[in-house]
Amino acid sequence: MTRLLALPIFLFVFSWTFVAFSQSSPLDKKINLDVNSEKLGKVLKLIEKEGKFKFSYSRKIVPVQEKVTNHSSNKSISQILTEILSPLGIEFVQVEKQVVLRRAKEVLAIDPPKPIATRETSNYTISGNIVDLKSGESLIGATIYITELKSGSISNAYGFYSITIPAGNYHFTYSFIGYKDIHREINLDKNSELSILLDEDTELLQEVVIDAGKSIPFIENIQKGHTELKPVSVALMPALMGERDVIKSLQSIPGIKLYADGSAMFHVRGGDRDQNLILLDEAPIYNPSHVLGLFSTITPDAAKDIKIYKGDLPVQQGGRLSSLMEIKTKEGNMKRFGFSGSLGLAATRLAVEGPLKKDKSSFFVSGRFSNLNWFTKRIAGSNAKIGFFDFNTKFNVAINKNNRLYFSFYTGQDNFEDIGKSGIQWGNFAGTLRWNHIFNSKLFSNTTLYSSWYNYYLITSIPKNDAWHSSIANISLKTDFSYFINPENNLYFGAKISFHGFNPGNYEPGNGILPQSVPVVPKKNANELALYAGNEQQFLEKVSIKYGLRLSVWQNIGPTTEYIYNEDYNPIEAKEYAQGEIYNTYVELAPRLGLAYQISPKISAKAFYTRSIQNVHLITNSISPFTNFEVWLPSSINIKPQKADQLGGGLFMKWPEKSIELSGELYYKWMDNQIDYTDHASMILNPFIEGELRFGKGKSYGGEIQLEKKQGKLTGWIGYAYSRSFRKIVGINSGEKYPTYFDRPHEISLFLSQKLGRKWDISANWIYNTGASITTPTGFYQFESHTVPIYDKRGNDRLPDYHRLDLSVNFHLNRPENRFKHYLNFSIYNVYGQQNPVYLNFNKTGNGDLVVPGDVFPPPGQTPSYTYIYNFIPSISYNFKL
């Protein structure tokens, strides 16, 4: 703990020492200057070199071709600039480590002469909201660029921006992906409010736009920690049975690997599947799977903004070790009513939005319902029933210019049923109430009350309503503050309190009478408190830093029963805890640090360190992609919090004139208290389930590189990732290091989208992964009539390498200028019919034929066979939007 405390203290002291040091003005430095009839532009460059700072100015204001003369010896730069610029009507002011040149204010003749640089310069704040002209929806991440300062800011997750700069005349440019830029010349002589309405660029939308925007070095440096996945990009990607899928589209991003075919689970940089936090309007989604993973719960129709953090996690969020996926849903059109939807082989979708009161409030409602019964009846008979649905809704109310309320709600459910006999059901729920408040032009807050839960039922008898039931739930209240000090300095701080409930799986008879032979697994509860503070700063023109500290307090509370285990993991004592009794506490600190250096306008480098803490744990030893049979447990007496420290760094290059970006990143992650399972662990209806767990260390490392073209008729990316993932746990694999199931060293992803005229566009997606690490028998022996496998090492084998090509073609049925837009989508999933196995079986054979196990002599041999899911799958769907 001492070493952990030392790091944030060091960072805090270092940062403020650096700030204090950097405050000495370069204008005070004394230099020699001897120029005769030289152009002003050249003279300014000489002064820049001597003073080791940069001038910022507009050539429309500063006459760089004007010839000036100056002979100065051992004078301050401030004195020299006053002598040169005063006759030209130019004044100067220092802003951080830049010197801004601008038109001088008029000075009355009766005023005594003053050095222009010593005039008092007031700072003022300009703030407001950036919204869509046609819908009134806030635009997240819109860019505000100030020409004279060569810097700016971006709008936050609710479209709000705030910039504090010295008084003066400035040229502002407001821009957003796929929208027309707006230019404003602003005389900032007081605190001002300016909200901007941006209109879609219909000509630009004829092309495919994955991402675009003004190049602001400071912003680019700070934001490199995440990947943005636009809903328009998801809509272009080929998908199984034409069903667009946010989660499945992640597999095209280097460093993110799907668990297997038929699964919506994924792994990021060598982390386990429960180490990914998915937030839907800030509420966690615990299981994003439909149809046992064939589809996911998140549809691009409802999504407005999608961000994925793979390593450099923001200090505002915590709770998982590997990744964060933030999804903001649509707010609803405040201007007019509209609808959208699709008809496909797998599902039907419909969304409706519009104003409740024009420019004051709006709603968005969407639903998706499966069309799979026709398919399942053909392959599983008339008694089979498979179905799922999703329902999203959101209300947005602008109370006044400083207050806004959002209410969002999601529910989704799956139902697999052998009609009248048995089945399985699972579902997610998430609800969020948010209040945005603007205290003043610099201080913004977002307060959120949210709740979410996940339920799983294994129904053993539909007529009797008997089922095995597991669940996890939470209710949380959090508040986040953003303080915009100036364009180069933003402060973030906040707090969260949560209550968590866990049901690790219990049998629930329909009559309410539990048989004595059925064990009871104790339910668990926990409280959580989180506090955080972080800062983003630009110290010098080319150096920026973000740093923060997150405090987590986790408390286990009664009523429950905790079992104490001996060194052989056998229970030796049961402890009972009363309602509300706090019996265990973990306090953890998680520092975050990011550094960036702008090498040139087109090249930047970055390094980061992140510590993460995880207190909710998925307990399952199945590697099948077809199971939602899950148990969640909290950190407690027997399960310590999982911890991860990750170091990383990378190089980022961009060529805006060609809309091309190239990025490369390396990382190393070491993890404590990783969970694995003893051989033949019993996970269901086991009160002593914690005794089946084993704990140890893990590590992962690797690198990722991606080349991306973001705009034009041809867009897309190609990426490569190398990653390794290992664990070392006492009691498993003789205590030696072994590769995890998700250790898949090589990954290649290719996505291309081509616009063909006004009617057609075509997309292709190709993926390659090294096969998953698995454990196979090294031999077999006969015991009586049974064939018993012999295992040596964990992770001693691999499944065959995975690769797949998907194609998608859209045929647009409307003219581009029409408001009603509709198109047909033709998709082929797994174009060349690659059989990618999901797991391996060993079958007994005799004379080359499969035989039933029994008393066979001589004993039959064991032949491996693979199980596949997909072959060549074509589909068609109709999509529309008004």
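Predicted model: local features only at pLDDT ≥ 70, side-chain atom pairs only at ≥ 80, totals over all residues.

User: How many aromatic pairs does the structure hold?

Analyst: Rings of Phe, Tyr and Trp (its six-membered ring) pair if their centres lie within 6.5 Å; planes under 30 degrees apart count as stacked, over 60 as edge-to-face and the rest as tilted. On that basis, the number of aromatic pairs is 27.

User: What is the angle between the planes of F160 and F444, and how many residues apart are they?

Analyst: These two rings are stacked, with 5.1 Å centre to centre and 20° between the planes. Strands here are DSSP runs (E, at least two residues), numbered from the N terminus. F160 belongs to strand 9 (residues 160-166) and F444 to strand 30 (residues 443-461), so the pair links distant parts of the chain.

User: Are F160 and F444 buried or exposed?

Analyst: The cut-offs are under 20% relative accessible area for buried, over 50% for exposed, and partly exposed in between (1.4 Å probe, protein chains only). By that rule, both F160 and F444 are buried.

User: Why does Y701 count as partly exposed?

Analyst: Y701 stacks with Y668, at 6.0 Å centre to centre and 10° between the planes. Y701 counts as partly exposed because its relative accessibility is 27%.

User: How far is R694 from the ring centre of Y569?

Analyst: A charge sits over a ring if NZ of Lys or CZ of Arg is within 6 Å of the ring centre and within 35 degrees of the ring normal. R694 lies over the face of Y569, and its distance from the ring centre is 3.5 Å.

User: Which strand gives the largest share of the lining of the second largest cavity?

Analyst: A cavity is a set of points on a 1 Å grid over the protein atoms alone where a 1.4 Å probe fits but cannot get out; lining residues have an atom within 4 Å of a point. The second largest cavity has 35 lining residues, and among the closest to its centre are R320, K496 and E528. Five lining residues, the largest share, come from strand 32.

Notes. Residues numbered from 1 in each chain as written. Heavy atoms only, no water. 1 Å grid on protein atoms, 1.4 Å probe; cavity = no way out; pocket = protein on both sides within 12 Å on 5 of 7 lines; lining within 4 Å. Helix = DSSP H or I, 4+ residues; strand = E, 2+ residues; numbered from the N terminus.
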